[in-house]
Amino acid sequence: MKSTSLSLIAGAVALAAVTGFTALTVPGDDGATEAGASSRLPVERSSLLCPAPGLSDLAETAYTSFTPPANGEGEAGTAELKSPAADTKKDDKEKDKSKSEDKSEDKSKDKSKDKAAGSDKPVVALKEPGKPVTADVSGSDAPALVGTATGRLAPGWSAQQTTTVEAGDGRGVLGVSCTAPDTDFWFPAASTAKTREDYVNLTNPDDTAAVADIELYGPDGTLKSDVGEGITVPAGSGVRVLISTLTSKAAEDVTVHVTTRTGRVGAVVRTADSKTGSDWLTASAAPAGTLVLPGIPADATSVRLVAFAPGEDDADLTVRLLGKTGPFAPVGNEDLHVKSRMTAGVDLKNLTRGEAGSLLLTPAQKDRATPVVAALRVVRGKGDKQEVGYIPATGPVGAQATAADNRSKGSTLSLTAPGAAGTVKVTASGGSKAGTPVSKTYKVAAGTTLAVTPPVPSGLKGTYALTVQTQSGGPVHAARTLALPQDGIPMFTVQTLPDDGGTVEVPVAEQDLSVLDD
């Protein structure tokens with residue numbers, strides 16, 4: 001093969017590894033290509049955003065950063081999470097050095113506030129694949145974090161933010177997997193009810209301002225608002241919007257749609273209820289005719305399904321719980337009708353019957369699959385000892401997915417195979433302080449949910465990460481529940497485990513670029 005052809009192909013492969021898209025792979029020396037052939041390459045760069053943890057001075061936040069080990073060699077790379085204001089702070093120091101020096105003594109008195117102001121030093125810096133790194137921040141001043149991973153630390157890089165608030169209306173365990181920036185998000189199961197305080201958190205990782213729109217949809221359709229349009233998210237900064245201020249109408253079930261006109265953001269909803277505490281609500285999977293919502297705890301005392309059809313057509317859905325032995329229809333809620341651009345909510349009473357499960361939504365008519373988004377509001381406990389968590393619809397594990405921040409006790413891994421049976425390998429990483437990795441293989445029967453206590457690293461000290469890898473069979477969906485009970489309250493949080501996007505597919509080119517070399 002000629003040198004020009006090699007250079008162009010190498011450039012396209014690099015492009016694919018960074019962006020996740022290219023249409024060029026290596027043709028044969030004779031110029032022929034094999035139709036349908038492709039290869040997968042590890043990404044060379046990943047970005048994550050973690051929202052500002054909350055509004056409570058009692059908040060204790062733990063960050064965990066992790067990249068799974070991988071075969072092969074490459075540049076060591078970096079993976080750092082820091083306040084998006086860090087670069088701005090650095091510029092301000094250079095512009096007025098003397099002013100910065102005068103303030104340095106006061107800032108040194110409170111390390112948490114220093115981080116909130118945008119310390120140049122990363123809050124979390126990962127050193128190597130296979131070993132998680134943690135950091136703790138206290139109080140309401142903890143900042144949003146942005147980060148980029150490169151080299152060997154980029155493929156499968158994940159970060160978990162876990163906040164514990166022991167008292168107040170915002171009490172609870174608030175867990176969220178830090179997400180990549182995007183331009184379009186759907187959040188069913190938000191609310192503007194008087195008992196709720198739900199905030200949309202927007203974080204801009206870039207050096208130019210982003211402009212976002214927030215649309216709200218209730219049971220009767222659009223909740224009209226002018227103040228939700230054209231929200232500016234400054235460069236390297238975050239904006240928190242109380243959604244009840246965007247409309248005068250109180251509604252128990254609201255779907256929030258966040259889009260950007262310019263730029264990109266990280267978006268997540270922080271919910272708070274006066275009776276059931278608080279947690280993060282992450283975005284639903286993209287609108288689709290079939291949705292899977294995995295990881296309903298066995299002891300759930302209340303499960304509410306919220307769905308929304310964003311298109312022009314109504315959606316008729318079949319509702320099934322995938323339990324330990326197979327699927328069954330919730331009594332009285334076997335079907336759900338979702339009107340176009342209206343939010344539908346339904347209480348699924350006595351859903352789990354003491355067994356963990358996952359919800360499967362499918363078109364009532366196979367030839368009419370209307371795209372929908374959906375999420376579950378799950379409550380554990382009773383009376384004044386209740387705690388809420390959320391489970392959005394999610395994609396399958398795919399090649400690999402990771403849940404960081406697991407403790408020696410408290411984690412439950414839910415695996416569900418909505419179609420054919422599937423087999424996955426689950427690896428518990430080494431601990432953040434000490435521990436030897438352990439792996440175990442699980443086979444999930446078709447149409448069932450398998451809830452297991454995951455393996456724990458031998459000699460564990462600190463926290464560890466769980467990585468799930470598909471081995472064979474049909475797609476498997478997964479979620480990790482982290483239970484951290486406090487004073488009789490069953491505090492918990494659920495994180496879904498979609499494919500981490502650690503590799504990208506490079507398809508075959510149909511043209512031999514070697515002809516470009518004279």
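Modeller: Rings of Phe, Tyr and Trp count as a pair if their centres lie within 6.5 Å. This is a predicted model, and by that rule the count comes to four aromatic pairs.

Colleague: Are the rings of Phe185 and Phe187 stacked or edge-to-face?

Modeller: Planes under 30 degrees apart count as stacked. The planes of Phe185 and Phe187 stand at 10 degrees, with the ring centres 6.3 Å apart, so this pair is stacked. Phe185 and Phe187 are both buried.

Colleague: Which parts of the chain does the pair link?

Modeller: Trp186 lies in strand β10 (residues 184-190) and Tyr217 in strand β12 (residues 210-218). The two residues are 31 residues apart, and the pair links distant parts of the chain. Together with Phe308, Trp186 and Tyr217 form one aromatic cluster.

Colleague: Why does Trp186 count as buried?

Modeller: Buried means under 20% relative accessible area. Trp186 has 10% relative accessibility, so Trp186 counts as buried. Tyr217 is buried too, with a relative accessible area of 2%.

Colleague: Is Asp487 buried or exposed?

Modeller: Exposed means over 50% relative accessible area. Asp487 has a relative accessible area of 60%, so Asp487 is exposed.

Key:
Residues numbered from 1 in each chain as written. Predicted model: local features only at pLDDT ≥ 70, side-chain atom pairs only at ≥ 80, totals over all residues. Heavy atoms only, no water. Buried < 20%, exposed > 50% of the residue type's maximum accessible area, 1.4 Å probe, protein only. Phe/Tyr/Trp six-rings, centres within 6.5 Å; stacked < 30°, edge-to-face > 60°. Helix = DSSP H or I, 4+ residues; strand = E, 2+ residues; numbered from the N terminus.
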